[in-house]
Every structure is written in C-alpha cells, then in structure tokens.
Amino acid sequence: MPQFVLTVTCLSRRGIVAAIATYLAENGCNITDSAQFDDLETGNFFMRVGFRPETGTTLEALTEGFAAIATPFDMEWQMFDQAQKIKVLLMVSNFGHCLNDLLYRWRIGALPIDIVGVVSNHMTYQKVVVNHDIPFHHIRVTKENKPEAEARLLSLVEESGTELVVLARYMQVLSDAFCQKMSGRIINIHHSFLPSFKGANPYKQAYQRGVKLIGATAHYVTADLDEGPIIEQDTVRITHAQSPDDYVSLGRDVEAGVLSRAIHAHIHHRVFLNGNKTVVFPASPGGHASERMG
C-alpha cells in the first residue's frame with residue numbers, strides 16, 4: 001500500500017488541521033502519523049502528515065485537489081510518495097569516515113536514497129566508490145580554476161537530477177551563487193568546536209585545552225560559512241585519560257552518526273526551514289522501518 005506525506009507551512013490560523021484531516025478522509029485516505037508545531041514567536045505553523053490512500057486514489061489526484069484547501073490558508077505545501085527515493089550527490093575530500101558510513105547504511109537499506117554519484121577534489125576514494133557501482137567524479141579545485149570547477153559541479157547536479165547535495169567532509173567552500181541556487185538542499189557536517197578551534201587540527205587544539213565534550217553539527221549550507229540552519233547535533237563525553245587520537249576517533253564517530261540522522265530527517269520530509277532555524281519532527285514509532293533506522 002502506498003505511503004504518502006504532506007508537508008505544510010503557513011501562518012497559524014484556526015481550522016488548518018481540520019481542513020487537512022477532512023480533505024484526506026473525504027478522499028479515502030487514512031492518516032498514519034501527524035506532527036504539528038505553532039511557532040508563537042513568528043506566528044508560523046508547520047505540519048507533516050503521513051497517510052495511506054485506501055481507495056486507490058493517486059498522488060496526482062490528491063495533489064490536484066488539495067490546491068483548493070491550501071489557497072485560503074496561503075499554504076506552502078508539497079505531497080510526496082515515500083517510495084520515491086531522493087537523488088543524492090555525495091561530496092568528499094580526504095576524510096572518508098562519513099562517506100564510508102553513508103555507503104554502508106545505503107547498501108544495507110538503512111538509508112533509502114538514490115546515490116547518483118560521488119564528487120571529490122581528490123582521487124583517494126575512487127576505488128571505494130566504483131566498487132559500490134556508483135559513478136565517481138574527480139573535480140580538481142584550485143584557486144585559479146574554482147569557477148570552472150563549480151560550473152562543472154552545477155552541470156553534474158542538473159544532469160543527474162540531484163535533489164540533495166551532502167558534504168561528507170568536503171573541504172572546499174562553495175560559492176554564494178551555488179548555495180543560493182541549492183538553498184535548503186545542501187547538508188554539511190563539521191565538528192562543533194567552531195568558532196573556538198579552527199584550522200587543520202581542531203581535535204589537537206581541543207585536547208590541549210582539556211575539552212570534555214566532543215560534538216558534531218549537521219546543517220543546511222548557506223552563504224554564511226558554517227552558520228546555516230542546524231538540523232542535528234550530538235556530543236560524546238571524554239576524559240583526561242584519553243589521547244589526541246581518541247579525540248579524533250570519537251569525533252569521527254559522532255560526525256558520521258549526526259550526518260546520517262540529518263539526511264534521514266531530510267529525506268523523510270521531517271525538516272522545515274524556519275528563518276535561521278529549523279523545525280525537525282521526530283520519526284514516528286509507527287512509521288516505516290526505514291524512517292526509524294539510523
């Protein structure tokens with residue numbers, strides 16, 4: 001049986017939930033899970049509804065008919081078929097822990113995405129990617145060729161139908177124009193030591209300062225470097241007895257876990273942009289197995 005998702009954003013008004021529920025019921029749909037949030041500060045309303053059509057109603061017909069419900073409330077809305085996997089382009093440089101973790105989760109079905117390719121400015125992970133029967137694209141980036149390299153990247157995004165770009169420890173800065181074009185469709189992962197510990201070896205700096213928590217942050221990419229809306233974060237405790245190498249190992253583990261959970265939330269349409277923040281609805285205990293894994 002198909003599983004569809006409706007996402008809605010609009011100004012909060014009385015009657016929104018009732019209108020949505022009534023429409024779905026009248027069109028032979030059964031709501032399987034629902035989450036909503038009223039932001040009292042901005043007056044914005046966010047809602048995600050999972051539902052199943054029980055009378056053979058198609059997604060196209062439901063989408064066409066819902067416009068009449070959405071217009072009076074001035075909704076921004078979309079309907080999705082959960083069986084349709086999002087096309088994802090992964091990007092990596094020389095640190096492969098996030099890439100390897102995502103490839104493993106994808107291979108065992110825990111991350112239901114369509115990986116259309118992997119882009120890297122190095123050749124380090126070409127063999128790993130090709131062995132997974134995934135196209136590998138080496139786009140060398142230098143100060144002199146950066147506009148040409150990004151033009152090639154954009155062309156690849158368009159040709160492959162990429163819907164989400166994941167920076168799995170890709171260490172090149174994307175241009176403002178690219179970030180704007182792909183707004184809300186690029187996810188980045190980095191350690192949470194910013195802005196205190198910058199540079200090539202933040203974990204060594206953290207060790208030298210006796211840091212007791214290592215964290216990671218996954219966020220949407222904007223023109224403001226590492227300051228986009230946060231999707232997911234986590235931390236792990238450490239002690240004085242652990243070495244700089246332990247810091248790096250623990251940091252890589254938490255980065256990989258945070259990135260995979262951020263991607264899960266995005267592909268299941270549980271993340272809503274709310275200005276410089278996000279609204280992230282948790283996975284329903286009764287939802288699909290793929291939505292609860294990660």
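**Salt bridges and the domain interface**

In the predicted model, a salt bridge joins the side chains of arginine 48 and aspartate 33, with an N to O distance of 3.0 Å. Because arginine 48 belongs to strand β3 and aspartate 33 to strand β2, the pair ties together parts that lie 15 residues apart in sequence. Both partners are buried: the relative accessible area is 3% for arginine 48 and 14% for aspartate 33.

In total, five salt bridges are found in the whole structure. Among them, arginine 261 pairs with glutamate 232, the closest N and O atoms being 3.2 Å apart. This pair links helix α8 (residues 244–267) to strand β11 (residues 230–237) across 29 residues. Arginine 261 also forms a salt bridge with aspartate 234, at 3.1 Å between the closest N and O atoms; aspartate 234 lies in strand β11, 27 residues from arginine 261.

The chain is assigned to domain 1 (4–81) and domain 2 (87–280), with 12 residues of domain 1 and seven residues of domain 2 in contact. The two domains bury about 730 Å² between them, 65% of it on carbon and sulfur atoms. Phe46, Arg48 and Phe80 supply 56% of the area that domain 1 buries against domain 2, more than any other three residues. Across this interface, zero salt bridges are found, whereas three residue pairs are in polar contact. The domain 1 side comprises six nonpolar, four polar and two charged residues.

Note on methods
Residues are numbered from 1 along each chain as its sequence is written. This is a predicted model: local features need pLDDT of at least 70, side-chain atom pairs count only at pLDDT 80 or more; totals for chains, interfaces and linings use all residues. Side-chain values use heavy atoms; hydrogens and water are left out. Domain bounds come from an automatic or database domain assignment. Contact means heavy atoms within 4.5 Å. Buried area is the accessible area (1.4 Å probe) that two parts lose on being put together, summed over both. A salt bridge is a side-chain nitrogen of Lys or Arg within 4 Å of a carboxyl oxygen of Asp or Glu. A polar contact is a pair of N or O atoms within 3.5 Å; within protein, one must be able to donate a hydrogen and the other to accept it, and residues adjacent in sequence count only if both atoms are side-chain atoms. Ala, Val, Leu, Ile, Met, Phe, Trp, Tyr, Cys and Pro count as nonpolar, Asp, Glu, Lys and Arg as charged, and the others, Gly among them, as polar. Helices (H or I, at least four residues) and strands (E, at least two) are DSSP runs, numbered from the N terminus. Buried means under 20% relative accessible area, exposed over 50%, partly exposed in between (1.4 Å probe, protein chains only).
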